[in-house]
Amino acid sequence: MALPEVPRVVLVGNPNTGKTTLFNRLTGARGRVGNYPGITVERSVGRASLNATNAYAPAIVCDVEDVPGCYSLASRSAEEQIAIDALLGRHDSVRPDVAVVVVDATNLERNLYLTLQVLELGRPTLVALNQMDALRDAGVAVEAAALSACLGVPVVPISASRGEGLDALREAIAVQLASPTMPPDEGWRWAPSDALRADLDAVAAHLGDERPEGTSDSAARALALWALMSVDAEDELEDVPASLRLAVLDVQRAARAAGRDLDAEVIAARYAFIDAHAPSFVRRAAEVPKTWSRRVDAWLLHPVFGFLAFLAIMFTVFQALFAWSDPAVGLIEAAFAGLGGWARAQLPDGLWTDFVVDGLIGGVGSVLVFLPQIVLLFTFIGVLEDTGYMARAAFLMDRVMNKIGLHGRAFVPLLSGYACAVPAIMATRTMERRRDRYLTMMVVPLMTCSARLPVYTLIIGALFPVGAWLGLPTQGLLMLGMYLFGTLMALVAAAVLGRTVLKGPRVPLILELPPFRRPHLGSLARLVSSRARVFLSEAGTVILAGSVVLWAILTFPRGSEEVTALEATRPQVEASSEGEAQAEALAALDAEVAGARLRNSLGGRIGHAIEPLIEPLGFDWKIGVGLLGAFAAREVFVSTMGVVYGVGADVDEESATLRERMKAERRADGRPVYTPLTGLSLLFFFALACQCVSTLAAIKRETAGWRWPLFTLAYMTALAWAVSFVTWQVGTALGA
Amino acid sequence: MSPPTVADLRPDQSGTVARVGGERAFRRRLMELGLVPGTPVTLLKVAPLGDPLELEVRGGRISIRRRDAASVELEP
C-alpha cells in the first residue's frame, strides 16, 4: 500500500456500534480491503477528506482504518490482538495520529469500558457517540458535554446510519490532527492501588522493544496492564517477548499467592469509575418504551412464528441462489459459448485456437458464472445483517448449531452450500472467530451443491430402474436420499472436526440483538461489490489457472496411434456416403477421434495410473478420467464421460445416447461396468469427494494459504474413497 | 447447595452478581461485559429453544449461552 504520507485515524469500538457504517460514511467508496498480516481478518483502510474543499483551503485528508470490533483490548489470540496493535502502531501497523472510539449511546456503560482502556494508552483520542437517533426508542438520554467532561476528551454525538453529526466529527478529527491534545492524567481515569502500581512497574521494566521510543511511564504502565490482563500460560498471542511473558507470569503467581484476583480487581476498578460517573451523563426512563422494534421481536423470536419466519426467510435466500440466479448464469454461459464460437470462427483451426476457446474463454466463463450467486447471497447477507435479523436468527438457531459445534451464524453458509460451495465459503465471514469460520468452510463442500445435480441425474437415470417403492418413485427417492446423505455427512464432519482438528478453547458466545434498522444502500452496494471484486481478483485467478491446467492435462499429448488410425479412415468415410449421411458419419468420426485423444492424453494416462486405486470402488480408468475432468466443476463429469465414450462433448445428463453407451460398457471379464452398485458407489463418491477446483480456490482465499484447502481435499477424498470402498466391497460380497 | 446463578433466573427476574467462575480468558470476558461482583443483572428473554439468554446489565443488553451464564453466581 504505497501511498503518500497522510495522517492516520483508527476507528475502534465494540461490535455492533455502527463502526463500519461510519467508516463507509467517512471514506465513501474509496476503501481498500486487505488482510492483517498472518491472519485472515479483513483490514479496511480508506482515504477520507475532513473539510469541504474550496479554491483557498487545501483539502485535509487522512487515512481511516476500521479496526475489527472488540469488547476489550485484553486479548488471548492474534486476532484479538489486532486492536491494541492498530492503536499503538505495533507489528506492521501504522502508528495512528488519532484514535476515534465509536461508542453505542444506547449501551453506553459497556462501551465506556473499552473507551477507558483506549484512553489509558495516552494517545490523542476522541469519542464518536453513535446511535443518537436510537436513544429515544431505548428510553435513554445522554449528555455529550457531561461525558466529555468526565472522560477528558472531545465527545461528538453522531448518527452514522442517518449521516448526522458527521461534519462535526470530521472537524473534531481535523482539530486533533492539527493540534493533538492529550487527555488529562495521560488518560488514566482510575488510580491503580499501590500494589497494582508496583505490579505494573515490575512488568513495565521488561517491555523491552515493546516499549516504543518516547513512551511515557504512564503509557508504559498501560501496556504493562495490557500484558498483565492478556498473557497467561495458554494464550495464543504473537510476538510477546519471552522476558515480558516471564515477568507477567511471575507477577500473576505472586498475586495469586497473596490471595489477590488481579483480573477482577482491574475490571471492577474500571467499572467502578463508570458507575460512579454515569449519573452525570446518562439517564434512563424507568419504563423502557414499547417500540415497534420490540413488538416485531416478540413475533420474530416467538417459539412458533419465529421459526416459521426463519424458514420463510431462509427459503427465500435459498430460492434466490438456486432459481433467481439462473437467468443470469444462463446469460453468462450463453455469452461465453457465443464468444467461444465466434473466436473459433475467426481463428484458424488448431491447437492455439483450442487453447483460446476451451482453455481461456471457457476458463474465464467458469469464473464469471459464480458472480450472480455471490452478488445475490451477499445482498441478502447485507440486508439480514444491517436490519438486525441475522442476530435474531443466530439467537433462534444457536442451540441447534451449538450441539454440532457450529456457530449460530453458520446456517447461512450451510444453506448456501446447497446452491454452491463458493459463495457459501465466502459467507463464513459473518462469524468473528477463526475456528468457527474454518470449521464451517471445511464442511460446507459436503452439502449437495447444484453442480452435483447433473451427475446424480445421469447416474440415477442410467443405472437405476424406473419404479416405485411404497408408491413413491424410486429415482426421486434416491435423489432425495442423496441430499439428506450430504447434509448428514456435513453435520457429522462438523461434529468430528470440531472435536479434533479444529478443537479450540471454549469462548463465551456473545450476541447482541440490536434494534431493527433500515439497511443503508451505500454500505450494501459496497459490501457486495467488494466481495465480488475480492472473488474475481483472488479466487478467480486460481480458478482460471486451474481450468487451464485441467484443459491442458485433458488435451496433451495430442497424437497417438489410435488417433492416427482413426484419422486414416476419414477419406473412406467421406467417400462412402454424401449429404446428411456423410455429415453424420463425419460427426461420429470426430467424436471417436476426440475420445481417442482424451484416452491417450495425460489425463487418460492418469486415469490408467489411478485405476488400481479406484478399482476397489468399482470404477475403471475411464471413470477415473471423468473424475479428473470433474475437478473443473462437478457437472463437467457428464461431458467428459461423453468424450471418453466417443459420443461427443455436447451430451447432457438426460442424453439417451450417453446412457445407452454407459450400459453397454464392459469390463475385461465381460461383466458390465455400470450396475446399480457401481452407480451407488459413484453417487457416494460424488457426494463426499471435493471434486471442485473453485471450492479449493475459495478456501485458499479465505484462509490465506494452501494448508486448509489441501486438508479439505485430503479429508473429503479419503472419506469418499472409504465410503465407496465399503459400498462396493460389501455390495459385491452380498452378490449385488 | 450450590449458589444460584444467572442461568437460574426466570424472565424479568433480577439478581446481583456475587462471583464469576470458570477458566481465565472466559471469566475475564464475562466480567468485561459488565458482570462484575455487585452488579444487578436481569434476565430479559430466553431463546425459544431455551438457549441463549438475553440479559440486561447496566442498561445494556447482551445475550450469552446458558452454560456460560451458569458460571456467574448470584448473591443468595
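**Figure 1. Burial and overall dimensions of chain A.** Of the 736 residues in chain A, 45% are buried. The model shown here and in the other views is predicted. Taken along the principal axes, the C-alpha atoms of chain A fill a box of roughly 100 × 65 × 55 Å. The chain holds 31 helices and 11 strands. When contacts in chain A between residues at least 6 apart in sequence are considered, 72% of them link residues at least 24 apart.

**Figure 2. The largest nonpolar core and another core apart from it.** The largest nonpolar core contains 116 residues. Within this core, A:I425, A:L683 and A:L688 have the most contacts. Helix α29 of chain A, residues 676-688, gives the most to the core, contributing 8 residues. For A:L683, leaving aside residues up to four places away in sequence, the residues touched are A:Y456, A:I459 and A:M482. Another core, of 98 residues, lies apart from the largest one. Its residues include A:V67, A:I82 and A:A128 from chain A, and also B:L9 from chain B.

**Figure 3. Packing of helices α22 and α24 in chain A.** Helix α22 covers residues 561-568 of chain A and helix α24 covers residues 579-600. The two helices pack at an angle of about 170 degrees, and their axes are 8 Å apart. Angles over 145 degrees count as roughly antiparallel, and α22(A) and α24(A) are therefore roughly antiparallel to each other. On the α22(A) side, the contact is made by A:E562, A:V563, A:L566 and A:E567. On the α24(A) side, it is made by A:L589, A:E592, A:V593, A:A596, A:R597 and A:N600. Sorted by class, the contact of these helices has 5 nonpolar, 1 polar and 4 charged residues.

**Figure 4. The open sheet of chain B.** In chain B, 5 strands form an open sheet with antiparallel pairing, and their order is β4-β3-β2-β1-β5. Strands β4 (60-64) and β5 (72-74) of chain B stand at the edges; each has a single partner strand, so one side of each is left without a neighbour in the sheet. On average, and with direction ignored, neighbouring strands of the sheet are turned by 45 degrees against each other.

**Figure 5. Strand β1 of chain B and its two partners.** Strand β1 of chain B spans residues 14-20 and is joined to β5(B) by 3 bridges, the two strands running antiparallel. In this pairing, B:V17 has B:L74 of β5(B) as its bridge partner, while B:V20 stands opposite B:V72 in β5(B). Strand β2 of chain B, residues 40-46, also pairs with β1(B) in the antiparallel sense, over 3 bridges. There, B:G15 has B:V41 of β2(B) as its bridge partner.

**Figure 6. The side of chain B that touches chain A.** Contacts between the two chains involve 29 residues of chain B and 33 residues of chain A. On the chain B side, the elements giving two or more residues are α1 (24-32) and β4. Helix α1(B) gives the most, with 8 residues. By class, the chain B residues that touch chain A are 13 nonpolar, 5 polar and 11 charged.

Notes
Residues numbered from 1 in each chain as written. Chains lettered and ligands numbered in written order. Predicted model: local features only at pLDDT ≥ 70, side-chain atom pairs only at ≥ 80, totals over all residues. Pairing = 2+ DSSP bridges. Helix = DSSP H or I, 4+ residues; strand = E, 2+ residues; numbered from the N terminus. Axes fitted to C-alpha atoms, helices over the stretch in contact; angles between N-to-C directions. Buried ≥ 20, exposed ≤ 12 C-beta atoms within 10 Å, placed from the backbone. Contact = placed C-beta atoms within 7 Å. Nonpolar A, V, L, I, M, F, W, Y, C, P; charged D, E, K, R; others polar. Core = buried A, V, L, I, M, F, W, Y, C linked by C-beta atoms within 7 Å. Parallel < 35°, antiparallel > 145°, perpendicular 65-115°, else oblique.
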